[in-house]
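Please open the structure in your viewer and follow this tour from the whole chain down to single residues. Each stop says what to select and what is there.

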Amino acid sequence: MTDSKNKPAPRPTIKAVRGTRDLLPDQTPLWNRVEATARAVFSRYGFGEIRTPVFEATELFARGVGEETDIVSKEMFTWEDRARAASEKAQNLTLRPESTAGVVRAYIEHKLGETGQLQKLYYIGPQFRRERPQRGRYRQFWQIGAEVIGPQTSGAESPLRDAEVLEMLASLLDELGIRDWKLELNSVGNAEDRARFNVALREALAPVKDRMCPDNQRRAETNPLRVLDSKEEADQEIINALPKIADYLGDESREHFEQVKAALDACGVPYHVNPRLVRGLDYYTRTTFEFTVTTGLGTQNALLGGGRYDGLSEMLGGPKAPGIGFAIGEDRLILTLQAQAEADAAASGIAPTEPKLDVYIAPLGIAQNPAALKLARELRREGLSVEVGDGSFKIGKSFGFADKLARHIILLGEDEVVTNVLTVKTFSTGEQVKVNRDVLADTLRG
Ligand code: HAM
């Protein structure tokens, strides 16, 4: 018998939880570029960053997003948080499935409305929904979002704000290089219009709902508006024959929507009115929108969504504070950019190049390791990006690593340390030169 019999079995490995992912260093530069561009664009429009907690009281989403929505009824990660002291109460907490409710809570809590100013707030952060994972749909995903909110006197209700937000999104997507975006636009009316429309929808659904899928039968009962954006193939004929919200808009909502469209026309931002775009969150009033793309996302083609929520602050116990905002699915934005880059590379035959470090320092023997680290420290302080090898590596191995990582390699032997004259090889040209330490940084930058 070998003693392998007595060895403990290898422990099972632990994987990232279903629907969550790691973003490794070869992916994060694109994420950072996207976020930096978004921040730069937002600041040109007067937005400031807000960071709210990733968990909130469950009640916030139940009241804000709506008990009957898929998000609240099926998808939230909720737990009962035990009291740890007599002074604390146990409470239900939820990982945020979206950030608008949290931002409006913060607006109320910090009395931001009392400044009388329009608040323009943006956020970048993870959101959590227990959905069925697939390409472009995760249980932890990232949103880049923004909200414009303020007291009525600040002009927060103006259709100019809707158009400004939409124009900003069009500019951001253009600046990021998203090529085939399509803006779908609708108005779901104000609370009164919605109430009238709901009655009409219920009436129209009553005789036909039994022929629909179980999900739509349930929605017909609990939240008939949601039937309109059902993707269920077999139900489309019935859905297409249902009443249209556009026919139930009161004069005020209709005029508001006309003004949003007129401002978009003036800016040259193209849009398509989609009367079935009702969105999956209950707080929306009047303008709703989505930007879709055709590259890279398959069925999850909504790159971002948003709309107006003039009653949300009051639903959360706050003052009247009309608002409008959006959230971009950052994961989906990245998938789209990657798919575009792959398509371009396939068309041009040129593979996309990865960013490289400026230089790899290869110490020739372990005695040179301290000098290599010192040289790396100095060059990094001069603003260069540097990787250091190890003196135990054979020279071939150092070249193998360096070639993949950096544009140049410095071979650091005892002589170089003593004379301060360094040997630099440039991979793209194969050229090797001797350089004085004092001009080294300029040579490496060139
Ligand atoms: P939403 O439509 O639920 O709206 O989400 C916005 C975007 O987040 C979607 O268009 C999609 O790109 C992305 N997204 C949603 N769920 C997932 C998921 N499971 N995996 C990956 N990406 C996802 C909201 O969240 C609203 N708070 C937007 C808003 C802000 N409305 C007004 N202000």
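Show the surface of the protein chain: its accessible area comes to about 23000 Å², and carbon and sulfur atoms hold 52% of that. The model is a predicted one. Buried residues make up 49% of the 446 residues in the chain.

Switch to a cartoon view. The protein chain has 15 helices and 16 strands. Its radius of gyration is 28 Å, well over the 22 Å that the globule rule gives for 446 residues, so the chain is more spread out than a compact globule. Of the contacts with a separation of 6 or more, 70% are between residues 24 or more positions apart.

**The ligand**

Now select the ligand and the residues around it. The shell counts 26 residues, and the closest are Glu98, Glu131, Tyr138, Glu147 and Tyr284. By type, the shell divides into 11 nonpolar, 8 polar and 7 charged residues.

Another is Arg279, with a polar side-chain atom 2.9 Å from an oxygen atom of the ligand. At Gly329 it is a polar backbone atom that lies 3.4 Å from a ligand oxygen. On its own the ligand has 660 Å² of accessible area, and the protein covers 96% of it. Colour strand 6 (140-149), strand 10 (302-308) and strand 11 (323-329): these are the elements that give two or more residues to the shell. Strand 10 gives the most, with 6 residues.

Is Arg279 buried or exposed? Arg279 has a relative accessible area of 12%, under the 20% cut-off, and therefore counts as buried. Its phi is near 70°, a positive value in a residue other than glycine.

Next, select Glu290 in strand 9 (residues 285-292). The side chain of Glu290 makes a polar contact of 3.0 Å with the side chain of Arg279. Glu290 has 18% relative accessibility and counts as buried. Leaving aside residues up to four places away in sequence, Glu290 touches Lys182, Leu183, Glu184, Leu277, Arg279, Ala302, Leu304 and Gly305.

Move to Lys120, which sits in strand 5. Lys120 is also buried, at 15% relative accessibility. Which residue's side chain is joined to that of Lys120 by a polar contact of 3.2 Å? The partner is Glu164. Residues that Lys120 touches, beyond those up to four places away in sequence, include Tyr45, Phe47, Glu147, Val148 and Arg161. Among these, Glu147 is also one of the residues closest to the ligand. Draw a line from the C-alpha atom of Lys120 to that of Asp310: they are 190 residues apart along the chain and separated by 15 Å.

End at Lys111, in the loop between helix 4 (100-109) and strand 5 (119-128). The phi of Lys111 is near 50°, a positive value in a residue other than glycine.

Definitions and conventions
Residues numbered from 1 in each chain as written. Predicted model: local features only at pLDDT ≥ 70, side-chain atom pairs only at ≥ 80, totals over all residues. Heavy atoms only, no water. Near = heavy atom within 4 Å. Polar contact = N/O pair within 3.5 Å; in protein donor to acceptor, adjacent residues only side chain to side chain. Areas by Shrake-Rupley, 256 points an atom, 1.4 Å probe, with all protein chains shown as cover. Helix = DSSP H or I, 4+ residues; strand = E, 2+ residues; numbered from the N terminus. Nonpolar A, V, L, I, M, F, W, Y, C, P; charged D, E, K, R; others polar. Rg over C-alpha atoms; globule rule 2.2 N^0.38 Å. Buried < 20%, exposed > 50% of the residue type's maximum accessible area, 1.4 Å probe, protein only. Contact = heavy atoms within 4.5 Å.
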